[in-house]
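Hi,

Here is the structure I promised to pass on.

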Amino acid sequence: MITDREAPLPRPITLVTGGSRGIGAATALRLARDGHDVALSYVRDKDAAERTAEAVRAQGARCAVLRADTGQEADIERMFDEVVAELGPLTGLVNNAGVTAPLGPLADATTEDLRRVVDVNVLGVLLCCRRAARDMGARGEGSIVNLSSAAATLGGPGDYVHYAASKAAVDTLTLGLAKELGPVGVRVNAVAPGIIDTEIHAASGAPDRAAQAAPGIPLRRPGTAEEVAAAIAWLLSADAAYATGTVVRVAGGR
Ligand code: NAP
């Protein structure tokens with residue numbers, strides 16, 4: 001018979017938005033290795049999401065896969081409902097889903113691209129944070145990690161000032177929400193990666209951007225998705241129990 005003293009601790013249950021590829025996939029895998037059950041969302045690439053889910057389950061974790069566009073409020077609410085129904089109440093949320101747009105000066109950006117970046121990177125993160133604030137706040141426990149960017153403090157001139165501005169908004173909402181939710185036991189932090197070798201650069205029209213940027217990075221190389229995942233995993237862990245409202249920069253010195 002298992003007594004209370006011998007009962008295993010409940011596994012953390014963490015949702016990683018945009019967990020199918022890149023930093024999100026590396027985070028899902030790292031969290032599974034650290035003992036989390038994981039939900040991961042995607043918007044287009046179902047095959048990539050299923051491959052990541054298989055790798056997560058191979059670590060002994062439960063894994064839910066959901067299609068949800070974090071630029072859409074109805075998708076977000078449904079995603080949270082389905083995760084809770086399948087895995088149980090969330091203890092962690094990683095707001096990782098994010099988009100860029102074609103690189104170039106603001107003068108050349110289309111209104112459609114600006115709107116999409118703001119919808120996914122700002123409104124989507126706010127809506128996910130709002131739902132987590134309601135759910136985790138009511139339960140009196142939880143941890144949120146938002147994906148910012150080193151661009152938030154560099155400005156992204158000539159490339160993507162709109163993206164940089166969207167990530168600066170993430171930094172500010174992280175700080176404010178941490179102060180709102182600290183008293184009810186929910187921590188809110190962010191990770192600001194520098195140039196990381198993922199497919200996001202191809203989407204902005206510069207597939208070789210990570211390699212080409214190396215000479216301008218003090219550590220002389222782009223980062224890996226796993227190096228960012230390690231910081232996210234730390235912020236979600238008990239080792240970071242006194243860290244809230246902080247932005248951890250993982251940017252090779254940029
Ligand atoms: P990525 O390789 O392009 O992967 C993006 C992930 O987000 C994919 O899983 C994608 O799903 C998902 N996604 C995109 N739009 C979505 C939406 N509207 N709703 C739901 N999911 C969506 O990107 P990454 O490089 O790993 O970047 C992850 C995060 O880190 C982003 O917030 C990004 O801004 C930030 N970041 C990245 C870098 C970098 O250099 N890579 C630097 C700083 C910050 P599908 O597979 O279905 O498309």
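This is a predicted model: local features need pLDDT of at least 70, side-chain atom pairs count only at pLDDT 80 or more; totals for chains, interfaces and linings use all residues.

Residues are numbered from 1 along each chain as its sequence is written, and side-chain values use heavy atoms, with hydrogens and water left out.

**The ligand**

The ligand sits in the largest pocket. (A pocket, on a 1 Å grid over the protein atoms alone, is an open set of points where a 1.4 Å probe fits, with protein on both sides within 12 Å along at least five of seven lines; a molecule sits in one if more than half of its atoms lie within 2 Å of its grid points.)

There are 32 residues around the ligand, and Ser20, Arg21, Arg44, Tyr163 and Thr198 come nearest (a residue is near if one of its heavy atoms lies within 4 Å). By class, that shell has 13 nonpolar, 12 polar and seven charged residues (Ala, Val, Leu, Ile, Met, Phe, Trp, Tyr, Cys and Pro count as nonpolar, Asp, Glu, Lys and Arg as charged, and the others, Gly among them, as polar). Helices H1 (22–33), H4 (111–139), H6 (161–181) and H7 (200–203) each supply at least two residues of the shell (helices are DSSP runs of H or I with at least four residues, strands are E runs of at least two, numbered from the N terminus).

As for polar contacts (pairs of N or O atoms within 3.5 Å), a side-chain N or O atom of Tyr163 is 2.6 Å from a ligand oxygen. Backbone N or O atoms also come in: one of Val43 at 2.9 Å from a ligand oxygen, and one of Gly194 at 3.4 Å from a ligand oxygen. The protein covers 97% of the 900 Å² of accessible area that the ligand has on its own (Shrake-Rupley method, 1.4 Å probe).

- Arg220, in the loop between H8 (209–213) and H9 (225–236), has a positive phi of about 65° although it is not a glycine. Arg220 is exposed, at 53%.
- Pro10 lies in the segment before strand S1 (13–16) and is exposed at 71%. Its C-alpha is 10.0 Å from that of Asp37, 27 residues apart along the chain.
- Ser204, in the loop between H7 and H8, is buried at 5%. A polar atom of the Ser204 side chain lies 3.0 Å from the backbone oxygen of His201.

Cheers

Technical notes: A polar contact is a pair of N or O atoms within 3.5 Å; within protein, one must be able to donate a hydrogen and the other to accept it, and residues adjacent in sequence count only if both atoms are side-chain atoms. On a 1 Å grid over the protein atoms alone, a cavity is a set of points where a 1.4 Å probe fits but cannot get out, and a pocket is an open set with protein on both sides within 12 Å along at least five of seven lines; lining residues have an atom within 4 Å of a point. Buried means under 20% relative accessible area, exposed over 50%, partly exposed in between (1.4 Å probe, protein chains only).
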